[in-house]
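Let's take a walk through this model together, moving from one local site to the wider picture. Here is what we will be looking at.

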Amino acid sequence: MNKKIDEPIEISSMTYEEAYDELARIVESLEEGEHTLEKLIDLFERGKNLSNYCKDLLNIAELKIKDINGEEFNSLN
Amino acid sequence: MVNNNPSFIKSLSVSDLSRYLREIIESDEILYDLWVQGEVSNVSKPVSGHIYFTLKDSKASLKCVVWRSKTHKFNLDLREGMEVEVHGGITVYEAGGQYQLNADSVRVRGEGGLYQEFLRLKNLMEAEGLFKPENKKPIPAIVKKVGIVTSLTGAAIQDMIQTIQRRNPLVEIVLSGSSVQGEAAPEQIVRALLKLERLESLDIILIARGGGSIEDLWSFNDERVVRAISKCRIPIITGIGHETDFTLADFAADLRAPTPTAAAEMATEVTLIDLKEQLAYQIDSMDMIFNDLIDQNKRNLQNLDKTISDHSPIRMIQSDWQSLDAIIIRMGIIQKNILLMETTRINNYSNRLSALDPYEVMKRGYSMITTKKDPRMVSSVKKISIGEELIVMVQDGKFGVNVSSIE
């Protein structure tokens, strides 16, 4: 099955940077205007979902620490 | 053990003698714990991990050995010709028939000796171009993944982790542990660094060690460490010792931080607060632009609605109605005028008519005569004949007469 190039990526699988970058692109695209109302609302909804996801990530962010062999590192030792 | 009476001299085995000498030497308070100075020669570092070398001056030489268990205290990379002071205790190597120094630490000889050595190495590596500013890689502003080379048990690593957690917990940390002090440290640091360099996704590497003496930090002046830092393709920030400590690793790094904590700060230039501000800005922009666009669409729609209403048939009908009404009103006026005119005319005629009303004349005593055959009034004698019956109308009635004469 051919996947459409512009098919949106599942937000929950994104890193913060990916989600933020797409949000910034959506804002830019909204700024440029020239969208149908339907597209406009789609973009806005996607943007809202992305921004909520980003907010969540920032609010619950916890440092990921691994050692070079991929083992979790206990920072309390 | 030995009988002092010469007549009973008994020969000793070599082993006995050696053990005897060893016991004497090792129990000597001075020989047990001393510093010896001299020039290093015949350095040998076999795979066993022990280090062998000879300390000499112009007249004598002393075999020295550093057991593997003690090499961690050896901060100097021993090289031929180096003037050093070595600490340890004298012992006897029975198998070789030699006395030797079991060394456990070393320092460069004399006042500022290590600093002299530091300067020598610095000049050497500088001349080789290891510290060239143009080779420094820029530190990325946005860092997603940080590699850290340091001791996993020191205070430095905890400080760095806490600093990164506080500033930007979205950053991922990959730790590559290494001892940061002792003979084995330089090689371990290099290996830890190379392991990190092999990872694809690292944005930056921090090499750090908490504060200590110049001897403690000496591993970071090691040529192998300095070269590995200089060659690394990933930008490196060093945070070694305190503000006042400079190591050759610092010179080779792309950026020197005064402490491990400062290195962690420099690696997280963009903090969580910055990210939150950026995000809030994007969200505000998006809401504002979206609302503007919706408003604009509403306005466009209103304009269109107005335009289309302007062209609506209802409006035309209304307009037609209006002109029709105007016509009707005008017609009404015309009608009224016509009526008025007609009334006037009729009144006029009526007046004139009443002037001609024969009954009015009859009131004055005149009468009207008609024949029986012809209802028209008799206005001439020619129309009657003798004996003909005529009808005479007076004001209040009529009567018949017969014509008796015609004149």
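Start at B:Pro140, which touches B:Asp203, B:Ile204 and B:Pro235 when residues up to four places away in sequence are not counted; contact here means heavy atoms within 4.5 Å. B:Pro140 and B:Ile204 are 64 residues apart in sequence, yet their C-alpha atoms lie 7.7 Å apart in space. You will find B:Pro140 in the loop between α3 and β6 of chain B, where helices (H or I, at least four residues) and strands (E, at least two) are DSSP runs numbered from the N terminus. With a relative accessible area of 24%, B:Pro140 is partly exposed; buried means under 20% relative accessible area, exposed over 50%, and partly exposed in between, using a 1.4 Å probe and protein chains only.

Before going further, a word on conventions. This is a predicted model, in which local features need pLDDT of at least 70 and side-chain atom pairs count only at pLDDT 80 or more, while totals for chains, interfaces and linings use all residues. Residues are numbered from 1 along each chain as its sequence is written, chains are lettered from A and ligands numbered from 1 in the order in which they are written, and side-chain values use heavy atoms, with hydrogens and water left out.

Now step back to chain B as a whole. Chain B has 11 helices and 13 strands, and 36% of its 407 residues are buried. Among its contacts between residues at least 6 apart in sequence, 60% join residues at least 24 apart.

The aromatic residues come next. A pair of aromatic rings is described by the distance of the centres and the angle of the planes. Rings of Phe, Tyr and Trp (its six-membered ring) pair if their centres lie within 6.5 Å, with planes under 30 degrees apart counted as stacked, over 60 as edge-to-face and the rest as tilted. By this rule there are 4 aromatic pairs over all chains. One of them is the stacked pair of A:Tyr16 and A:Tyr20, at 6.0 Å centre to centre and 20 degrees between the planes. These two tyrosines are 4 residues apart in helix α1 of chain A, so about one helical turn separates them. A:Tyr16 counts as buried because its relative accessibility is 4%, and A:Tyr20 counts as buried at 14%.

In chain B, the ring centres of B:Phe131 and B:Phe251 are 5.7 Å apart and the planes meet at 40 degrees, so this pair is tilted. The pair links distant parts of the chain, 120 residues apart: B:Phe131 is in the loop between α3 (113-128) and β6 (145-150), and B:Phe251 is in helix α7 (residues 248-252). B:Phe131 is buried at 9% relative accessibility, whereas B:Phe251 is partly exposed at 26%. Together with B:Phe246, B:Phe131 and B:Phe251 form one aromatic cluster.

Which charged end sits over the ring of B:Phe251? It is that of B:Lys122, 4.9 Å from the ring centre. A charge sits over a ring if NZ of Lys or CZ of Arg is within 6 Å of the ring centre and within 35 degrees of the ring normal. Elsewhere, B:Arg107 lies over the face of B:Trp35, at 3.7 Å from the ring centre.

One backbone detail is worth a look too. B:Asn42, in strand β1 (residues 34-44) of chain B, has a phi near 50 degrees, a positive value in a residue other than glycine. At 53% relative accessibility, B:Asn42 is exposed.

Let's finish with chain A. Its elements run α-α-β from the N terminus on, and 39% of its 77 residues count as buried. Helix α1 (residues 16-32) and α2(A) pack at an angle of about 145 degrees, with their axes 9 Å apart; axes are lines fitted to C-alpha atoms, for helices over the stretch in contact, and angles run from 0 to 180 degrees between N-to-C directions. Among the residues making this contact are A:Leu23 of α1(A) and A:Ser51 of α2(A).

A:Ser51 lies in helix α2 (residues 37-60) and is buried, with 1% relative accessibility. Leaving aside neighbours within four places in sequence, A:Ser51 is in contact with A:Leu23, B:Leu279, B:Ile283 and B:Met286.
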